[in-house]
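Subject: Structure for you to look at

Dear colleague,

I am handing over the structure we spoke about, and below it you will find my notes on what turned up in it. Please read them with the model open beside you.

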Amino acid sequence: MDVKIKSENFNFYYNDVKALKDISIDIFSNKVVGIIGPSGCGKSTFLRSINRMNDVIFGAKSEGKLLIDGENIYDPDVDVVQIRRRIGMVFQKSNPFPKSIFENVAYGLKVNGIKDKDYIIQKVEKSLKDAALWSEVKDRLSKSAFDLSGGQQQRLCIARALAVEPEVLLMDEPASAIDPTATLKIEELIQELKKKYTIIIVTHNMQQAARISDYTAFLMLGELIEYGITSKIFTKPDKKITEDYITGRFG
Amino acid sequence: MNKKHLKEFMGFMLLRICIGIIGLILIIILYDIISKGAGKISWEFLTAMPRKGMTEGGILPAIVGTFMVTVITAILAVPLGMGCAIYLNEYVKDNKITRLIRMSIRNLSGVPSIVYGLFGVVLFVQLMHIGTCILAAGLTLGLMTLPWTITASEEALKNVPNSYRDGALALGASKWQAIRTNVLPYAVPGMLTGTILGLARAAGETAPILFTGAAFYLPFLPKSLFTQFMALPYHLYIMSTQHHAIAKVRPIAYGTALVLIVLVFTMNLSAIILRYQLRKRRME
């Protein structure tokens, strides 16, 4: 199996607070990796480190290596804009832009310099189909994205991320703010998407992690406690603390 | 009526009295100016030069002067103010220095306008040798307006949710692309509103142009930016305090006041309409 993302002794600080401690992890291509752990354990911080979204926070600092296809994401020569194009992100709270549905999906293409209208039209349709939203919105592409329901908005954000053809898709609790039916749709979608993308998903919901992820990483207080095949983590974890968390004894 | 209800009734009455007093003052001022000034307004008053030591004729040079000065003010204050706000809100770190800068800007908006007038004389008229003219007066008013445009623009930028910025960055937009395409379009209505309100205030100021270029009596239109000029607020000041026949020119003073108020109201109204239109377009 190809290692897509490799983290080597990765440390992360907010000013003087160490938020991630020596994280080393191999994430394989075309797999879904679930990251679980109690609130404030560094799940989101780790996720946002992978596409360098933490750069926008003042006082953020990292040590160690995070590699994509062997290339260090934090190398000073790396173009962060390119990294973010290759590593897409879906946020916890769906954040459609106050533009039309079409413009939302086309946004990433336009900022990446694509001007070919026919290509953009095709790509928007393709991305909306891949995000299982096309049939619901095809007649109202010019309507505001705010008119969509919460679940539809989140799938729109997924479509928007897919349009720029990322290699990796980061998802930060993508289903935490939507209803169970919409959640199910997103979960089905993730199974479909992993054929083409490597997916790293942070979730608070243990059942969700068990359902959708091939591998599971358990983080606590900024440390990677355990990482392995999901079925093993959920049935025979190596560490007692993992078992305690998974069985709901704390968290 | 029990005690609680009585207290509530008294409280609301007090608030009603407050709003009533403010409304009444506004109505009295407007009534006074409109009743005494409206009779003076005519096509001739708006389009003719003043004549016979300003006892007759119109106020065209003052209208044109105020217009030209306001344009200079806008050219200085709008781009500089917006640029400064974008830089402060989007680029710099929040630390002691930037907090000091912000505090200074807030304080500058409270500096009396006469102080700006004196500063304008020293900087533009004397140091930069521009002389007392439209340009010097416009630049002085521009400096005075800057703190207002910066503060209003920064507030407008703060109202744009961070998720718009993050969302754009996560799609591979550069920081400037994210700002230009996903922040500014939603901040500009608010930025413009604040800016126009600042300009309307500048258009009505007397003190900053007093020493920097406004003239007493110039019965012709300014031919360049380097000449002295007449302006509505200054003309009003002269007509009501300095003229040799104050009683005789009182109607002209009221007419001028009315024109000035209408001008400022129009600017404020256009700010409201502009904001409404831009918001509506954004929602579609």
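At what angle do helix 3 of chain B and helix 9 of chain B pack, and how far apart are their axes? Bearing in mind that this is a predicted model, the angle comes out at about 145°, with the axes of helix 3 and helix 9 (residues 184–203) of chain B 10 Å apart. Helix 3 of chain B passes helix 9 of chain B in a right-handed crossing. On the side of helix 3 of chain B the contact is made by B:Thr66, B:Thr70, B:Thr73, B:Ala74, B:Ala77, B:Val78, B:Gly81 and B:Met82, and helix 9 of chain B contributes B:Met191, B:Thr195, B:Gly198, B:Leu199, B:Ala202 and B:Ala203. By class, the residues of this contact divide into eight nonpolar, six polar and no charged.

Helix 3 of chain B, which spans residues 60–91, also holds B:Leu88. Leaving aside residues up to four places away in sequence, B:Leu88 touches B:Thr98, B:Arg102 and B:Glu154. From B:Leu88 to B:Ile179 the separation is 91 residues in sequence and 13 Å in space, C-alpha to C-alpha.

Turning to chain A, the axes of helix 3 (residues 101–111) and helix 6 (residues 150–163) of chain A come within 7 Å and cross at roughly 30°, and these two helices are therefore roughly parallel to each other. The crossing of helix 3 of chain A past helix 6 of chain A is right-handed. Here A:Ile101, A:Asn104, A:Val105, A:Tyr107, A:Gly108 and A:Leu109 of helix 3 meet A:Leu156, A:Ala159, A:Arg160 and A:Ala163 of helix 6, and the residues of this contact divide into seven nonpolar, two polar and one charged.

Strand 6 of chain A (residues 87–90) points A:Ile87 and A:Met89 one way and A:Gly88 and A:Val90 the other, and all of them are buried. Over four bridges, strand 6 of chain A pairs in the parallel sense with strand 7 (residues 168–172) of chain A, and A:Met89 stands opposite A:Leu170 in strand 7 of chain A.

Finally, the contact between the chains takes 22 residues from chain A and 19 residues from chain B. Helix 2 (80–86), strand 6, helix 3 and helix 6 of chain A are the elements that each give two or more residues to the side of chain A that touches chain B, and that side has twelve nonpolar, six polar and four charged residues.

Best wishes

Note on methods
Residues are numbered from 1 along each chain as its sequence is written. Chains are lettered from A and ligands numbered from 1 in the order in which they are written. This is a predicted model: local features need pLDDT of at least 70, side-chain atom pairs count only at pLDDT 80 or more; totals for chains, interfaces and linings use all residues. A residue is buried if 20 or more other C-beta atoms lie within 10 Å of its own, exposed if 12 or fewer, and partly exposed in between; C-beta atoms are placed from the backbone. Two strands pair if DSSP finds at least two bridges between them. Two residues are in contact if their C-beta atoms, placed from the backbone, lie within 7 Å. Axes are lines fitted to C-alpha atoms, for helices over the stretch in contact, and angles run from 0 to 180 degrees between N-to-C directions. Angles under 35 degrees count as roughly parallel, over 145 as roughly antiparallel, 65 to 115 as roughly perpendicular and the rest as oblique. A crossing is left-handed if the near helix is turned anticlockwise from the far one by less than a right angle, and right-handed if clockwise. Ala, Val, Leu, Ile, Met, Phe, Trp, Tyr, Cys and Pro count as nonpolar, Asp, Glu, Lys and Arg as charged, and the others, Gly among them, as polar.
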